Amino acid sequence: MSTTLVVLIVLALGAAGYVLGRGRALREVNGDQRRLHSLPSYYGTNVAMKTVVPAMLLMGIWLLAQPLIVETSVRGDLQDEAERQNRSVSLMMSDVRRVANGLDVAVSQGVMTRERASNMRTEFTDVRERLGQAGVALGSDVTSAVLRAAQRYRAISGRADLLRTGVVLALALAGLAFGLRNSTAGYRARNVVESGIKILLILAACIAILTTIGIVLSLVFNTIEFFRLYPASEFFFSTTWSPSFGGGSELGIIPLLWGTLYISVIALIVAVPIGLFAAIYLSEYASKRTRAIAKPAIEILAGIPTIVYGLFALLTIGPLLLRVFGDQTVGWMDAGTAVMTAGLAMGIMLIPFVSSLSDDIINAVPQSMRDGSYGLGATQSETIRQVILPAALPGIVGAILLAASRAIGETMIVVLGAGAAARLSLNPFEAMTTVTAKIVSQLTGDSDFRSAEALVAFALGMTLFVVTLALNVAALYIVRKYREQYE
Amino acid sequence: MTDATASAAPDAAPRRGKSIVTQDTNTRKRNAAEKRFQTYGMIAIGIGVFFLVALTWSILRSGLPAFTETAVTVEFNLSQEQFDEAESQVLKTAAYEGFFVRALQAQLNEEGAGDVQVEEDAVGRIMGNVGSQIREFYRANQDQLGQEVSFTVPASSRVDRYLNGALSREDLTNSRFLEPEDLDIVDRLVDSGVMANAFDWTFITGTDSGVDNPGGAGIGASVIGSFFMMFVVLVLALPIGVAASIYLEEFAPQNKFTDLIEVNISNLAAVPSIVFGILGLAVFIQFAHLPQSAPLVGGLVLTLMTLPTIIISTRASLKSVPPSIRAAALGVGASQMQAVFHHVLPLAAPGILTGTIIGLAQALGETAPLLLIGMVGFVARQYPDGLASGLLDPNSAMPAQIYTWAARADPAFYEKAWGGIIVLLVFLLFMNALAIFLRRKFERRW
């Protein structure tokens with residue numbers, strides 16, 4: 001039975017439970033609602049909830065756990081074979097999964113009978129060809145160990161699927177019966193339903209924690225795996241980045257960090273003065289009408305997807321810079337993709353970010369401080385420079401840190417605009433690359449996920465995550481401290 | 001200021017330059033500084049607006065040509081005998097090409113441009129493989145044999161670019177795809193009205209083409225891919241986000257656990273999007289073995305990314321509902337849960353909706369995580385046929401498709417990428433306008 005069908009049956013049972021539960025409670029009091037503890041619909045919801053929620057939770061957990069358990073038991077068989085063939089078990093496991101999948105497809109298409117799929121032997125049949133008939137293309141010939149493991153895989157999963165269907169349906173029915181038995185006039189259905197809903201609300205709130213845990217775990221495990229294949233000291237201190245999938249790659253992070261830093265600094269040099277002055281003008285000088293037009297106009301820049309800035313860098317800024325600084329004039333630039341190209345585009349992207357954060361912060365400076373300064377005879381610009389900005393400084397520093405974290409984590413602009421060569425150079429018109437761009441290029445190739453060249457992306461991601469997290473935490477701390485000061 | 005009074009006190013005689021009518025140097029300097037400072041601010045605003053205009057101009061100038069195509073319309077009449085004869089030959093498409101060239105020549109003569117001699121090679125360069133298009137048409141519609149049919153054949157992307165002004169005659173030296181002499185023919189074709197610009201519906205409705213056919217590439221399939229992703233985001237992120245916000249805003253006690261959730265949400269809102277891509281790759285594809293490049297996986301990753309945005313805006317709109325509403329509900333005997341679900345939530349709904357739409361618009365334009373879960377690097381040639389296939393079969397999404405085009409070697413795809421951006425921005429503009437409209441219409445000030 002397919003998972004969808006089981007879900008539908010459980011939902012149908014839930015709907016039936018609602019009707020039955022409501023009806024039973026009403027019958028018990030002969031239709032006189034006043035004698036019930038709760039409104040009739042709560043009795044129905046109570047039964048439906050008890051039918052659906054536990055069954056669905058069990059199914060979700062089971063679906064997550066089943067592949068893991070099945071794989072561990074099959075993996076044990078493959079251990080010896082893998083050592084004999086000198087291949088990694090995880091590589092063989094992916095073969096096994098592919099063959100098992102192929103057998104499923106072949107059976108469902110009628111190319112193979114069920115018995116044949118589970119008894120076939122490589123000695124007598126060309127499995128690859130047979131699966132090819134069903135439209136499943138395999139990269140290599142199937143060895144007998146892999147085929148046997150795949151058949152065992154299918155057998156165990158098949159049994160587990162059957163068991164799952166049975167247990168889930170049984171649990172739903174049990175919930176239904178339990179809920180119905182409780183539907184008596186004095187039963188506090190509303191309280192039960194409400195505490196059930198509250199638990200669901202708490203679970204929803206926990207998704208944020210789960211996401212963080214998921215990010216950390218997926219980064220940490222793969223990073224550890226990477227450091228097993230490649231020494232950590234080389235990764236952090238080597239100054240060359242030259243991955244080659246044939247082996248013998250050098251994966252030093254320093255040139256990537258340099259590129260990231262260089263581009264971010266250029267972006268901030270563009271964005272911070274413009275953003276800050278725009279914020280000052282908008283909050284202190286601009287008339288209501290100017291503000292109503294200029295503020296949304298600048299904030300539109302923040303709503304434009306980064307891919308647009310990437311394309312703008314690649315196809316507009318790059319060629320423009322090349323015309324000004326290229327071979328025809330000063331010859332500083334060889335190609336359109338360069339640190340400057342990406343930095344400028346990123347700077348434009350960050351202007352609204354800096355300006356709207358600073359705007360909020362400048363507006364939060366109490367009016368009494370301005371009045372005090374004017375009272376002493378200071379001009380408006382003197383007030384801004386000598387009173388408001390010092391008062392707002394911590395908040396503005398926080399805003400700049402947030403912008404820096406944005407710049408470091410930005411991907412599309414550097415993938416399209418900064419080039420692909422990792423180098424340590426001071427010339428801003430040369431192509432350099434960043435941590436994020438290399439994460440993309442190492443994970444989108446046709447490489448094996450378990451090789452050091454692909455796994456390095458997780459170590460890069462870990463570095464990126466830690467750096468941006470530190471910046472964000474520092475920025476949020478400063479901003480919060482600052483806000484408390486004037487509240 | 002202090003100096004002024006101090007020095008004025010001993011000597012009572014009026015001094016020159018200290019009048020309040022004429023400004024002294026110091027005041028002039030201070031006023032000039034004031035002016036300068038204000039000008040800096042105006043310049044900053046000007047630069048910001050300039051960038052916005054430059055961006056818009058650059059998008060429109062480069063992207064609008066993607067929506068039109070240059071096509072040749074030829075009246076065509078193929079008899080049954082000619083069809084049989086062509087089908088019996090070895091080089092069938094070449095035979096059809098011959099028919100086409102003759103028909104084109106006839107039409108040119110009719111339009112008064114008979115001095116142009118079209119040859120098969122030139123037609124091949126200008127219009128691509130005409131023969132196979134005609135052959136396919138007649139094989140599919142044999143009843144049209146012997147009747148007058150009007151054929152519209154798109155010109156190659158280079159001719160397109162030449163007519164748009166993106167390609168000049170000088171650029172064409174040593175190109176085997178298009179020779180300078182062909183451009184003379186193109187000019188005459190345009191003059192005589194046989195070749196004209198028309199709206200290119202393939203770009204809107206079509207699917208992606210191979211790397212060698214920029215003219216046939218369309219964004220339709222990836223619009224559908226994006227649509228399915230947004231469907232997943234809406235179905236998952238809205239209920240989960242609202243539920244989480246209700247808990248945090250209305251029920252959560254002040255304790256360590258609540259703080260932990262709050263810190264997590266504010267940090268997730270600032271985690272770089274590429275990290276969510278890594279999460280999606282590791283958890284949904286490597287661990288849970290969901291299919292690569294599927295809109296379902298893209299939707300799941302974008303859901304996790306959008307959740308903090310939705311939670312933050314939902315909490316803000318729940319907070320803006322005045323406590324008197326809750327108190328009144330509790331006062332007439334509602335339980336806390338009833339007060340929230342029956343009274344607070346409906347009042348906060350417009351704000352929640354606005355926040356959700358803005359979150360969805362953000363998710364729609366996000367590209368980086370999609371690269372990691374494999375939504376680029378293949379050609380999305382097919383429309384999905386149904387809900388399950390739409391969610392699980394490999395497809396592209398609008399931003400991923402734009403990236404794919406931008407990364408291709410043929411510069412003719414750049415135009416398509418800009419065109420794709422226009423389509424994407426139209427969607428974003430529409431969503432944001434809807435959000436603003438909803439806010440204006442339903443916003444209540446308490």
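This note goes through a predicted model with chains A and B, point by point.

1. **Domains of chain A.** Chain A is divided into two parts: domain 1 covers 3-187 and domain 2 covers 241-485. Their C-alpha centres lie 48 Å apart.

2. **Domains of chain B.** Chain B is divided into domain 1 (25-64), domain 2 (69-199) and domain 3 (220-442). For domain 1 and domain 3 of chain B, the C-alpha centres are separated by 35 Å.

3. **Transmembrane annotation, chain A.** The unreviewed UniProt entry lists "transmembrane region" for residues 45-65, 162-180, 200-223, 260-282, 302-322, 342-366, 387-408 and 454-479 of chain A. Two of these spans can be checked against the model here. Residues 200-223 of chain A are 100% helix and 0% strand, with end C-alpha atoms 34 Å apart. Residues 342-366 of chain A are 92% helix and 0% strand. The end C-alpha atoms of that span are 38 Å apart.

4. **Transmembrane annotation, chain B.** For chain B, the unreviewed UniProt entry gives "transmembrane region" at residues 37-60, 227-248, 268-290, 296-318, 339-361 and 417-438. Residues 37-60 of chain B are 100% helix and 0% strand, and the end C-alpha atoms lie 35 Å apart. Residues 417-438 of chain B are also 100% helix and 0% strand. Here the end C-alpha atoms lie 31 Å apart.

5. **Helix pair in chain A.** Look at helix α11 (residues 306-325) and helix α12 (residues 339-364) of chain A. Their axes come within 9 Å and cross at roughly 135 degrees. That makes α11(A) oblique to α12(A). The crossing is right-handed. On the α11(A) side, the residues that meet α12(A) are A:T306, A:Y309, A:F312, A:A313, A:I317, A:G318 and A:L321. On the α12(A) side they are A:M340, A:T341, A:A342, A:L344, A:A345, A:I348 and A:M349.

6. **Helix pair in chain B.** Helix α5 (residues 120-127) and helix α8 (residues 180-191) of chain B have axes that come within 10 Å and cross at roughly 80 degrees. α5(B) and α8(B) are therefore roughly perpendicular to each other. The contact uses B:A122, B:R125 and B:I126 from α5(B). From α8(B) it uses B:D182, B:I185 and B:V186.

7. **A:R27.** This residue sits in helix α1 (residues 3-28) of chain A. A:R27 counts as exposed because 10 other C-beta atoms lie within 10 Å, and the cut-off for exposed is 12 or fewer. A:R27 and A:A313 are 286 residues apart in sequence. In space, C-alpha to C-alpha, they are 72 Å apart. A:A313 is one of the α11(A) residues that meet α12(A).

8. **A:I408.** Helix α14 (residues 380-409) of chain A holds A:I408. A:I408 is buried, since 21 other C-beta atoms lie within 10 Å and 20 or more is the cut-off. Apart from neighbours within four places in sequence, A:I408 is in contact with A:T260, A:S264, A:L464, A:V467 and A:T468. A:R154 is 254 residues from A:I408 along the chain, and their C-alpha atoms are separated by 46 Å.

9. **Positive phi.** Most residues other than glycine have a negative phi. Two residues are worth a look on this score. A:N30 is not a glycine, yet has a positive phi of about 55 degrees. A:N30 lies in the loop between α1 and α2 (40-85) of chain A. A:N30 is exposed, with 7 other C-beta atoms within 10 Å. B:S293, also not a glycine, has a positive phi of about 65 degrees. B:S293 is in the loop between α12 (273-287) and α13 (295-319) of chain B. B:S293 is buried, with 23 other C-beta atoms within 10 Å.

10. **B:P65.** Where is B:P65? B:P65 lies in the loop between α2 (25-63) and β1 (68-77) of chain B. B:P65 is buried, with 21 other C-beta atoms within 10 Å. The C-alpha atoms of B:P65 and B:F99 are separated by 31 Å, and the two residues are 34 apart along the chain.

How values were computed:
Residues are numbered from 1 along each chain as its sequence is written. Chains are lettered from A and ligands numbered from 1 in the order in which they are written. This is a predicted model: local features need pLDDT of at least 70, side-chain atom pairs count only at pLDDT 80 or more; totals for chains, interfaces and linings use all residues. UniProt positions are given in the numbering used here, feature names are shortened, and annotations may be inferred rather than shown by experiment. Helices (H or I, at least four residues) and strands (E, at least two) are DSSP runs, numbered from the N terminus. Domain bounds come from an automatic or database domain assignment. Axes are lines fitted to C-alpha atoms, for helices over the stretch in contact, and angles run from 0 to 180 degrees between N-to-C directions. Angles under 35 degrees count as roughly parallel, over 145 as roughly antiparallel, 65 to 115 as roughly perpendicular and the rest as oblique. A crossing is left-handed if the near helix is turned anticlockwise from the far one by less than a right angle, and right-handed if clockwise. Two residues are in contact if their C-beta atoms, placed from the backbone, lie within 7 Å.
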